[in-house]
Amino acid sequence: MPENGSTLAVFYENWLNYQNLIIKAIAPLTSEQLTQRADPRLRSIDIILRHVIGARARWFHQMMGIGDEEFISMGGWDRRDAPERSAAELVHGLEKTWSVMYEAISRWTEEDWHITYQNDPGDEPETFTRQWIIWHLIEHDIHHGGEVSLTLGMHGLQAPDL
């Protein structure tokens, strides 16, 4: 990890704090509460969080080749045929994906940050750097964490103090 006080260290510390606020809010939820939606046409809390976990695992494994078998399997958690997950499983998925991401990021040198990956033709952008992937995952987590927070609040459940 970058030196304490660096901008990157502050981003990572706050990204982890954001995740921990989400975990604190969802850990006590029942299976029924995890099925709550802001609107019938929108995703449930469970589906949103499985999507966050799945996206993290796919970007790190499919694009960068990082992660063990458990981590790799989490890349399919948000697929249409994937099973619902308990609050404990969702917490584990968030913690596991964070652990794998953090471990990888901690090892990267300045040169490693500039490694590029080619995307499927037609997708934007066509070339990704590790820098872009990490930013994309941060913005993705923030967006979907907001959805979870809103949904919890709409149903009278304790929302994270984001």
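Visitor: What makes the largest nonpolar core a core, and which residues have the most contacts inside it?

Guide: In this predicted model, the largest nonpolar core has 44 residues, and those with the most contacts inside it are Ile26, Phe60, Trp108 and Ile134. The set is called a core because its members are buried nonpolar residues joined through side-chain atoms within 4.5 Å.

Visitor: Which elements give two or more residues to this core?

Guide: They are α1 (7-26), α3, α4 (69-74), α5 (87-107) and α6 (130-154), and the largest share, 10 residues, comes from α3.

Visitor: Why is α3 called mostly covered?

Guide: Of its 19 residues, 16 are buried, a word that applies under 20% relative accessible area.

Visitor: Why does Arg85 count as buried?

Guide: Its relative accessibility is 18%, and the cut-off for buried is under 20%, so Arg85 counts as buried. Arg85 lies in the loop between α4 and α5 and, leaving aside neighbours within four places in sequence, is in contact with Leu34, Asp46, Arg50, Trp77 and Leu90.

Visitor: Which residues is Trp108 in contact with, leaving aside its neighbours within four places in sequence?

Guide: Trp108 is in contact with Phe60, Met64, Ile66, Trp113, Arg130 and Ile134, where contact rests on heavy atoms within 4.5 Å.

Notes: Residues are numbered from 1 along each chain as its sequence is written. This is a predicted model: local features need pLDDT of at least 70, side-chain atom pairs count only at pLDDT 80 or more; totals for chains, interfaces and linings use all residues. Side-chain values use heavy atoms; hydrogens and water are left out. Buried means under 20% relative accessible area, exposed over 50%, partly exposed in between (1.4 Å probe, protein chains only). Helices (H or I, at least four residues) and strands (E, at least two) are DSSP runs, numbered from the N terminus.
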